[in-house]
Amino acid sequence: MSTVTYDVETSVFNFGNPYDVRNILVSYSVKVDDAPIVHKRYDEPDFKTYLQDCFKQATLLVGQNLKFDLSWARKIGCVVPDRCRVFDT
């Protein structure tokens with residue numbers, strides 16, 4: 001399985017709060033193991049499916065302020081598997 005590093009960028013109303021309807025998830029960056037970093041923007045056709053695929057293979061998820069980033073992932077329907085460990089730097 002894989003170590004996945006994950007980060008999001010959002011709009012800025014109310015500090016990017018995922019529960020403020022004015023905000024959107026603008027982009028995210030994902031790095032799986034030793035593969036290159038992948039950046040996806042909200043207007044790309046595989047925006048959601050790519051992130052879902054990365055999360056499905058993850059056994060360790062790493063990021064900064066992950067509570068915020070995972071709230072955004074959940075908002076678009078992407079959930080980290082129960083077996084995955086999470087490390088917030």
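Modeller: Cysteine 78 is buried, its relative accessible area being 2%. Keep in mind that this is a predicted model.

Colleague: Why is cysteine 78 called buried?

Modeller: Buried means under 20% relative accessible area. Cysteine 78 has 2%, so the word applies. Cysteine 54 also has a relative accessibility of 2% and therefore counts as buried.

Colleague: How do you know how many disulfides there are?

Modeller: A disulfide needs two cysteine sulfur atoms within 2.5 Å. By this rule the count is 0. For cysteine 54, the nearest cysteine sulfur belongs to cysteine 78 and lies 9.5 Å away.

Colleague: Let's turn to charged residues. What makes aspartate 20 and arginine 22 a salt bridge?

Modeller: The cut-off is 4 Å between a side-chain nitrogen of Lys or Arg and a carboxyl oxygen of Asp or Glu. In aspartate 20 and arginine 22 the closest N and O atoms are 2.7 Å apart, so they form a salt bridge. Aspartate 20 is buried at 11%, while arginine 22 is partly exposed at 48%.

Colleague: What about arginine 41 and aspartate 43: how do you know that they form a salt bridge?

Modeller: Their closest N and O atoms are 3.7 Å apart, which is within 4 Å, so the pair counts. The structure holds 4 salt bridges.

Colleague: Aspartate 43 has 51% relative accessibility. Is it buried or exposed?

Modeller: Exposed means over 50%. With 51%, aspartate 43 therefore counts as exposed.

Colleague: Which residues are linked with Lys40 in a network of salt bridges?

Modeller: Glu44 and Asp46 are linked with Lys40 in that network. Between aspartate 46 and lysine 40 the closest N and O atoms are 2.9 Å apart. Lysine 40 is buried at 11%, whereas aspartate 46 is partly exposed at 26%.

Colleague: Now the sheet. What is the order of its 5 strands?

Modeller: The order is S3-S2-S1-S4-S5, in an open sheet with mixed pairing. S3 and S5 (85-88) stand at the edges: each has a single partner strand, so one side of each lacks a neighbour in the sheet.

Colleague: How do you know that strand S1 and S2 pair?

Modeller: Pairing takes at least two bridges. S1 (residues 2-10) and S2 have 7, in the antiparallel sense, so they pair.

Colleague: Which strands does helix H1 touch?

Modeller: Helix H1 (residues 47-57) packs on the sheet and touches S1, S2, S3 and S4. H2 lies across S1, S2, S4 and S5.

Colleague: Which residues touch the most other members of the largest nonpolar core?

Modeller: Tyr6, Tyr28, Val30, Leu51, Phe55 and Leu61 do, in a core of 19 residues. At least two core residues come from each of S1, S2, H1, S4 and H2. In soluble globular proteins, nonpolar side chains tend to be buried together.

Colleague: And what is the phi of aspartate 33?

Modeller: About 50°, a positive value, although aspartate 33 is not a glycine. Aspartate 33 sits in the loop between strands S2 (25-32) and S3 (38-41). Its relative accessibility is 39%, between 20% and 50%, so it counts as partly exposed.

Conventions
Residues numbered from 1 in each chain as written. Predicted model: local features only at pLDDT ≥ 70, side-chain atom pairs only at ≥ 80, totals over all residues. Heavy atoms only, no water. Helix = DSSP H or I, 4+ residues; strand = E, 2+ residues; numbered from the N terminus. Buried < 20%, exposed > 50% of the residue type's maximum accessible area, 1.4 Å probe, protein only. Contact = heavy atoms within 4.5 Å. Axes fitted to C-alpha atoms, helices over the stretch in contact; angles between N-to-C directions. Core = buried A, V, L, I, M, F, W, Y, C linked by side-chain atoms within 4.5 Å.
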